Amino acid sequence: MRRILFALVLLVPVAGCEVGENFGPSAVKKEWPTVNLPAVLRQSNWRGPQGQGSCVHASMISLFRWQYRLRTADHWRQTYGDGEQPEDLAAKFNQEGIRYAYVTNGDVRFLEWACRTRRGCGITVMGGAHMVALVHLDDKWAAILDNNNVEKFIWVPRETLIAEWKASYGWAVTPIYTPAAPLPQ
Amino acid sequence: MNKLLLSVLCLLAVFAAAVPCFADTVNGVLAEERIVNLPQDQGKWYVSVVGNATDSRYNEIVGWFDTNASLKKLKNQVHFCPVTSDTAIYQARYASNVKVLPTVRMQKADGTVVYEAAGKNIPMTAAGLNGALAGAANTAQGIRPVLPWRKDMERRCPGPCPNPQPQPQPDPAPQPIDDNGPPNVEPEPQTDLPPWGVAVICLAGVLIGIASGYGRQLYGKLHPTVK
């Protein structure tokens, strides 16, 4: 009996070693949305010299700031404005030496890549009349930041967002630099 | 004539089949006529150096990532984020979780902090910081570091210290586009004893041992034990 008790006493601390350890992915809280743009970095839409909205530029400026291109963002705000077309924006990016990627064919893989790498991207909505920043895309949900109201993120079902984007010429564009580091875990 | 037409049609059919294959790449995206390979760098780690733009210590540490070969290599393997305290991004994402400036922080892609040192706890030299980062990265990845004496090392003497001057803060230079995952940080080679040095120490040890043995015998003869 004493031997059994002694063995049990020995086993208790050994078993205790397995309790309370919490390593692995479940211990990490993911940031929501993935591109968790702070309020101070969000660029509101403005009217350009021709009186048009500058939603494309506003989206790009927010993404520049998220990707540590603060000087570029300031320069872009002071230099460009008004409505924009994919080819014209690409020409401006080329002229300014900006590293970027874009699609105009509604390829969802581009959106998945942009959010997977935490860069985000600008996407067309409202039949191509407006651009917003896509800041999250997972299996179920998408989040956008509308430069006409930068106070809050707008969450929509993934399929709804994709349907809207594809019905709006499927243009998506993003700069390719270092995204902001995740919040420490 | 019919054969000629048939061959032309066959050629056209081959081209028609080939074009969509080029356009629909696995990791590429069709942008007009160009195919852009997008970086699949979601597994990259982050190294943030946070500090005051006018602080010489902060500028020195940021400078190490350009002047020290190992840190420069590391910089190209991670998302390198130099952040100054006068920026909005500092206020929004660092001010609440950074206690002292400057701070050096290494994080996994999911945000897990692998290494963090601040203020006086940051190693004094670039090699020291590299060693600390290497140790932390290896521990986090469960890698046992290769002992320095087992590596084919070159002898190195400390060179003149870099003296970076404070400069206005432009956007950081773009990093190379690649698909790197966790960094492979190697500790700096350290100077240690050459093989002949080890032999000399061993020989000296043997001689001391023999001499002490004889000494003990001589002492025993001169001072016989009283029983």
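1. Two residues are said to be in contact if their C-beta atoms, placed from the backbone, lie within 7 Å. By this rule, 31 residues of chain A are in contact with 32 residues of chain B. The side of chain A that touches chain B receives two or more residues from each of α3 (70-79), β1 (100-103) and α5 (108-116) of chain A, where helices (H or I, at least four residues) and strands (E, at least two) are DSSP runs, numbered from the N terminus.

2. This is a predicted model, in which local features need pLDDT of at least 70 and side-chain atom pairs count only at pLDDT 80 or more, while totals for chains, interfaces and linings use all residues. Residues are numbered from 1 along each chain as its sequence is written, and chains are lettered from A, with ligands numbered from 1, in the order in which they are written.

3. A:Pro38 lies in the loop between α1 (2-16) and α2 (55-66) of chain A, and, leaving aside residues up to four places away in sequence, A:Pro38 touches B:Ala92 and B:Arg93. Because it has 14 C-beta neighbours inside 10 Å, A:Pro38 counts as partly exposed (buried means 20 or more other C-beta atoms within 10 Å of a residue's own, exposed 12 or fewer, and partly exposed in between, with C-beta atoms placed from the backbone).

4. Strand β4 (residues 141-145) of chain A is largely enclosed by the rest of the structure, because 4 of its 5 residues are buried. β4(A) runs antiparallel to strand β3 (residues 130-137) of chain A, to which 4 bridges join it (strands pair if DSSP finds at least two bridges between them), and a hairpin of 3 residues joins β3(A) to β4(A).
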